[in-house]
Amino acid sequence: MSFLAAVLASAGEVEMTDLDKNVSELKHKITNLEYDIKEAMEQRYMKFAVVSRDAASLLDTAQSYSNQINNLISRIDNQTKREVVDAMSDLKMFKSTLEENKNSLIIIEQVLEASMNLTSDSQTKLSLADRIKNLQTAQDILLNNEHLTKLDVYKPLMREHQRLTDVLHSNCIAAWRKKIEWSENDSDSQDSWRVILKISGSQEDICDTILALQHFDSLNIEVKQFADKLINLIVKPIIIQNLQVDVVKFVNVSTMTLKVSNNEDEFLSAIIKKLKNVFEFLSSTLPADINEIQIMSYLGSYASQQFCKHFKDIVIFNAIPVKYHNLNNFREDLNEVLEFNKYLSELGFFEESNDELIKYVENIDNLFFTKISQLYYDRARTIIKKDLHDLVEVNNENRWSPDEDVVDDNGFCQKIFAYPQSKVSKSLLEFLDLIDTVASEMSSIPENSTWRYHDILNNITIMYCDVIPLQHCKVLEFHPQQSAVLYNNIMYFTRKLAELSPTYKNLLIVHLLEKLKNLASEILHSQCKQQITQIEKIVNQSDIISMAVNSNLGYSVEKSMSQCYDLLSILSGLWRDILPSTVYCKFIGYSCNGLFECLVNKLFTLEDISATSAEQYSSIFNKIVKDIPTLFPEPKEVHRYVPKWWQLNELVYILSSSMKDIENRWADGKGPLANELKVDQIKCLLKALFQNTDRRAALLKHILATAQS
């Protein structure tokens, strides 16, 4: 072997020996590093203890070992030897060992890098975007390497990542709410503020916060909450309460304050100016464009619909005049609305396709009639709800006197057809003033629009018919006087409508007159029926039936009849000074007739009446017959209003008469008795009053024979 060969062989042996030594040492160091990292990860993420060595120093050590491995692999790849075949197996073994150690170091580096990115989140000096980026890097490392899932520390690392993500999410929301601060004041003081909106931070800080919220899918929620507060705390108070807007700006801090305004200026232009100040404040303090996010457009997607609704229904609608002749001037004011709509569209708050305000103002004529309709309907409802008991006398100047006849062109006395003197509620006169106001407005509008006022008049009248009995149903049930007042109200209202209808052409309220009359009559009839029901209850609870065979009960029956008369007397006192005389007589007569009919029906059910009881019946009924006429203005005319008047009188006559007198009263079917009582009724009374004798049989036979003839 030559000298050169000997030298090379010796150098090769030395190199192989050095490689073997270095590989062994490096393998031992990597093993120790693995234990150090394992202990550090366990202490930090599993036992939550303070770690003496940070991940950065461990990562530097791992990278140093990785460089040494790369150098050794390079030396192995470049190693030459005269007898390469003999060294090949040793070199392969060294390289395989180094590759295994290198893979271990790669995993170690990934764990350490993930840990470093998680640890860096606690550095508050980093922006929210950088902290999100670090967490995203850690997540990519943990999710994209299947070898890491086999490590014991993998799950603790994932839990730590989730915890830090949740914390950062909360911090993002807190940062946004700190930059957008709302303050409310519930004080009623006239000099106090109501709402303060404070926007803090530079536009870069606000952009950073918005992007962070977008990353966590929380931007929609926060912007929606901001939009809701903008509408409820800023826009609506300005519109409804006419609050004053004050804006103060400093470096990175802008404040908008709503204060109570001492001015009562609620003109359309003033409100638009205040709202424009609000949007100028927002557009100047919030970033315009953030990573393709236009914040005003974003805000408008949640708030524009509510804003349009309130602006239309409150601002514009309230500004519409209530007189038709002012409508043309108002059309000029609507140009400010169109300019405001254009401003909001350019700002991005309105979408280009949003033309709600434009369409709304184009329909101003219909809005005008809608508004006045609501005003008239609301006023009508308010009047209908007023109490009935505040009365005023009507037509007292129309008391007719022959010496004061006023004859019209046709020769008729005008006062003959005047509404009778009576009392009505003051609220009804208010209602009639409303009707007259609506009717008079028709003269100031174009002919083709008068039908709208006709509809208003019809609807107000229908409302009166439908609502007033329901509104006062409880009062009508327990207070008969109110029934009389309401009857007068409706009938007087009906009369005024009838007088109104020829004055205004094409008036369609005439068909409602009959409905009003029926309603008035039904109200009093209902009250009369209620009184009659009470009378029947008193009679049924009395001893009127038992007294037929027990004359000792006469006092009890007389007392019950007095109760019935007292009830009618009270009713008379309540109605006499309110209802027109003819109406009063009609309905008090209806109530009295209820008493008479009840008594007559009771008598016809008796099968046996003693002579003493008959006298008592006659005495008690005679008293009723004498007292009832005093309830009427003309006592002698009582029979005109009480259909059962003569029938009860004939019953009283039978109760106190002999069979001979009854026969004379019958007068062969032509006397008063025959006019008021049927044969069966007379037959029933005769059998109850008189014993079964030939004389009674002959009288019954005579009555039957003469009745058939």
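Reader: What makes the contact between the side chains of D466 and K515 a salt bridge?

Author: In this predicted model, the side chains of D466 and K515 come to 3.5 Å, N to O, and since the cut-off for a salt bridge is a Lys or Arg side-chain nitrogen within 4 Å of a carboxyl oxygen of Asp or Glu, the pair qualifies. The two residues belong to distant parts of the chain, with D466 in helix α14 (residues 450-471) and K515 in helix α17 (residues 513-541), 49 residues apart.

Reader: Why is D466 called partly exposed, and why is K515 called partly exposed?

Author: Partly exposed is the class between buried, under 20% relative accessible area, and exposed, over 50%. D466 has a relative accessibility of 39% and therefore counts as partly exposed, while K515, at 38%, is also assigned to the partly exposed class.

Reader: How many salt bridges does a search of the whole structure find, and what separates K623 and D627 along helix α20?

Author: The search of the whole structure finds 16 salt bridges, and one of them joins the side chains of K623 and D627 at 3.0 Å, N to O. K623 and D627 are four residues apart in helix α20 (residues 611-627), which means that about one helical turn separates them. K623 is partly exposed, its relative accessibility being 41%, and D627, with a relative accessible area of 21%, is likewise partly exposed, because the buried class requires a value under 20%.

Reader: How do you know that E663 and R695 meet in a salt bridge, and which helices does the pair link?

Author: The side chains of E663 and R695 meet at 3.0 Å, N to O, and this is a salt bridge because the limit is 4 Å. The pair links distant parts of the chain, E663 lying in helix α22 (residues 659-666) and R695 in helix α25 (residues 694-708), 32 residues apart. R695 has a relative accessible area of 34% and therefore counts as partly exposed.

Reader: What angle do helices α9 and α10 make where they pack, and why is a direction assigned to the pair?

Author: Helix α9 (residues 295-319) packs against helix α10 (residues 327-347) at an angle of about 175°, and their axes are 12 Å apart. Angle values over 145 degrees count as roughly antiparallel, so α9 is described as roughly antiparallel to α10.

Reader: Which residues meet in the contact of α9 with α10, and of what class are they?

Author: From α9 come M296, F307, F311, I316 and A319, which meet F330, L334, V337, F340, L344 and L347 of α10. By class, this contact has eleven nonpolar residues, with no polar and no charged ones.

Reader: Why do β1 and β3 stand at the edges of the sheet?

Author: The sheet is open, its four strands running in the order β1-β2-β4-β3 with antiparallel pairing. β1 (180-184) and β3 (244-250) each have a single partner strand, so one side of each is left without a neighbour in the sheet.

Notes
Residues numbered from 1 in each chain as written. Predicted model: local features only at pLDDT ≥ 70, side-chain atom pairs only at ≥ 80, totals over all residues. Heavy atoms only, no water. Axes fitted to C-alpha atoms, helices over the stretch in contact; angles between N-to-C directions. Parallel < 35°, antiparallel > 145°, perpendicular 65-115°, else oblique. Contact = heavy atoms within 4.5 Å. Nonpolar A, V, L, I, M, F, W, Y, C, P; charged D, E, K, R; others polar. Buried < 20%, exposed > 50% of the residue type's maximum accessible area, 1.4 Å probe, protein only. Pairing = 2+ DSSP bridges.
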